Amino acid sequence: QKLFYLPHASNDFLIAVVGEELGLVGVAALLCLYGLVLWRVFNLASRAATAKAYFGARLAQGIGLLLIVQVMFHFAVNLGLVPTKGLNLPLMSYGGSSMLINGLAFGLLVSLANVRFPTASTAEMRRKRAACRSLPTPSISSFCLVASHSSASSTPSMVHVSPLVYM
């Protein structure tokens, strides 16, 4: 870049500029950062698939594959393995539409990461609650628990407790 040898240093040959300025350590650190992002994306996809949220899992996997293919092609162009394709480096290269799409894609990932996927214990609790709800209405001989309130009203309330809840 300093000798004006690279034609599009801010887009197509960004790894070459990072290598020139920061050396092998900088390129290795950049590759490790992209590996960390990719690991987090596929970890999110795995959590979504475990919770049977298949749309979210496939969405995360697609965005992760989009990211890794762009990074691999960018590295391959800079190493001279493939001809210049015009693909830029995600989250680093200059370009309005690419940054917009990458921002939207990572916004979807952040939105997916904020979803609390039910764990196996939560699913088991829901199954037990559904089994308790399917029981007939409580009879007079059912268990009742008297719960007193610490509020202004001193009247206790009756709460039905099913014996299956504690199984």
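Guide: Welcome! What follows is a short talk about a predicted model.

Visitor: Is Asn-102 buried or exposed?

Guide: Asn-102 lies in helix H3, residues 96-113. Its relative accessibility is 6%. Buried means under 20%, so Asn-102 counts as buried.

Visitor: Which residues does Asn-102 touch, not counting residues up to four places away in sequence?

Guide: Here a contact means heavy atoms within 4.5 Å. With residues up to four places away in sequence left out, Asn-102 touches Gln-70, Pro-90 and Leu-91.

Visitor: How far apart are the end C-alpha atoms of H3?

Guide: H3 has 18 residues, and at 1.5 Å a residue they should span 26 Å. The model agrees with that, for the end C-alpha atoms of H3 are apart by 25 Å.

Visitor: Where around the axis of H3 do its buried residues sit?

Guide: The buried residues of H3 are Ser-98, Asn-102, Ala-105, Leu-109 and Leu-112. They cover an arc of only 80 degrees around the axis, so they sit on the same side of H3.

Visitor: Which helices are among what covers those buried residues of H3?

Guide: Let us look at the covering on that side. It includes helix H1 (14-50) and helix H2 (54-79).

Visitor: And which exposed residues does the face of H3 turned away from its buried side carry?

Guide: Exposed means over 50% relative accessible area. On the face of H3 turned away from its buried side, the exposed residues are Gly-96, Ser-97, Leu-100, Leu-104 and Val-110.

Definitions and conventions. Residues are numbered from 1 along each chain as its sequence is written. This is a predicted model: local features need pLDDT of at least 70, side-chain atom pairs count only at pLDDT 80 or more; totals for chains, interfaces and linings use all residues. Side-chain values use heavy atoms; hydrogens and water are left out. Helices (H or I, at least four residues) and strands (E, at least two) are DSSP runs, numbered from the N terminus. Buried means under 20% relative accessible area, exposed over 50%, partly exposed in between (1.4 Å probe, protein chains only). The expected span of a helix is 1.5 Å times one less than its number of residues. The arc is that of the directions from the helix axis to the C-beta atoms.
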